[in-house]
Amino acid sequence: MDNRTEPLAAGIWRVEVGYATNAYVLANDGTGDGAGLTVVDPGPAAGAPRLVRSIRLLGLDPRRIGDVVLTHWHAHAGGGAARFVRSNANSRIFAGRADLPAVRGEVTRPQRAARREDASWSARHLGRFLAPGEAVPSAGPLDDGQRLDVAAGSVVVAAPGHTPGSIALHLPDARVLLAGDAVWTLGGVWRGPAALRSCRSGEAATLRRIAALDVAVLAPAHGPPLTRRVRERVAALGA
Ligand SMILES: [Zn+2]
């Protein structure tokens with residue numbers, strides 16, 4: 001197996017689907033595809049063939065993908081989501097409630113709507129180019145504390161910062177956090193480019209909250225998994 005696809009814990013795999021962009025595949029039964037698979041952040045539409053290929057290489061059947069969870073509306077995370085709905089009648093898409101209007105295509109330039117203190121000038125104007133992926137009108141909401149029946153149980157953690165409706169997924173038994181874009185590990189541990197963040201007033205509280213979770217592996221959307229001094233390093237970002 002190459003380093004683009006790796007297991008993080010039982011029934012949890014990281015799959016690189018684009019340049020330094022990760023999708024995560026979760027076995028609903030914690031081991032294989034017997035009870036279906038859940039994909040977190042399938043990545044950009046162009047990465048879908050790579051994701052499907054990687055799932056096959058893991059010995060799993062991509063047709064077993066049911067739910068797709070988006071940690072936020074950006075196309076680099078969920079641009080391929082619409083394709084799952086079209087290609088698989090059993091696929092359902094979910095995203096944090098505050099990001100749903102963008103995922104559903106009800107607002108086309110969500111970044112522009114951000115408050116001045118939440119998005120830099122460049123972020124507001126980059127919004128013109130930073131469009132959400134193809135709209136998924138049927139996408140459903142996820143709320144803080146909601147439990148999902150994947151990989152032996154996981155909990156939705158509201159993580160506003162990168163976008164207002166950003167979420168992370170905590171897998172307490174595996175001590176894994178799928179952090180979305182709340183923390184980047186690409187070129188250091190940081191909050192990611194300011195021009196991509198549209199809810200900066202939420203960041204500090206989100207990082208404090210993440211730092212308080214019991215996490216051995218922090219798995220971001222961009223960059224390799226963080227496995228050393230996770231709590232300390234996330235806490236330092238929120239300070
Ligand atoms: Zn993003």
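This is a predicted model: local features need pLDDT of at least 70, side-chain atom pairs count only at pLDDT 80 or more; totals for chains, interfaces and linings use all residues.
Numbering runs from 1 along each chain as its sequence is written.

Back to Ser201. Where does Ser201 sit? In the loop between β11 (176-180) and α6. Helices (H or I, at least four residues) and strands (E, at least two) are DSSP runs, numbered from the N terminus. The cut-offs: 20 or more other C-beta atoms within 10 Å is buried, 12 or fewer is exposed, and partly exposed lies in between, with C-beta atoms placed from the backbone. One distance: Ser201 and Ala123 are 14 Å apart in space, C-alpha to C-alpha, and 78 residues apart in sequence.

Helix α6 covers residues 203-211, and helix α7 covers residues 230-238. Their axes come within 8 Å and cross at roughly 165 degrees. Axes are lines fitted to C-alpha atoms, for helices over the stretch in contact, and angles run from 0 to 180 degrees between N-to-C directions. α6 and α7 are therefore roughly antiparallel to each other. Which hand does the crossing of α6 and α7 have? It is left-handed: the near helix is turned anticlockwise from the far one by less than a right angle, where clockwise would be right-handed.

Who meets whom? From α6, we have Ala204, Leu207, Arg208, Ile210 and Ala211; from α7, Arg231, Val234, Ala235, Leu237 and Gly238. By class, that contact has seven nonpolar, one polar and two charged residues. Nonpolar means Ala, Val, Leu, Ile, Met, Phe, Trp, Tyr, Cys and Pro; charged means Asp, Glu, Lys and Arg; the others, Gly among them, are polar.

Now the sheet. Seven strands form an open sheet with mixed pairing, in the order β1-β2-β3-β4-β5-β6-β7. β1 (5-9) and β7 (140-142) are at the edges, each with a single partner strand, so one side of each has no neighbour in the sheet. Strand-to-strand twist averages 30 degrees. Pairing requires at least two bridges found by DSSP.

Inside the sheet, β2 (residues 12-18) and β3 (residues 21-27) are antiparallel over six bridges. Val15 stands opposite Ala23 in β3. Helix α1 (residues 48-57) packs on the sheet and touches β1, β2 and β3; its direction makes about 145 degrees with that of β2. Further along, β4 (residues 37-40) and β5 pair in the parallel sense over three bridges. Val39 faces Val68 in β5. Strand β5 (residues 65-70) is mostly covered, with five of its six residues buried.

β8 (residues 147-148) and β9 are antiparallel over two bridges, and Arg147 has Val155 in β9 as its bridge partner. Their hairpin has five residues between the strands, and there Ala151 takes a positive phi near 45 degrees. β9 (residues 154-158) has four of its five residues buried. Four bridges join β9 to β10 (residues 167-171), again antiparallel. Ala158 has Ile167 in β10 as its bridge partner.

Definitions and conventions: Two residues are in contact if their C-beta atoms, placed from the backbone, lie within 7 Å. Angles under 35 degrees count as roughly parallel, over 145 as roughly antiparallel, 65 to 115 as roughly perpendicular and the rest as oblique.
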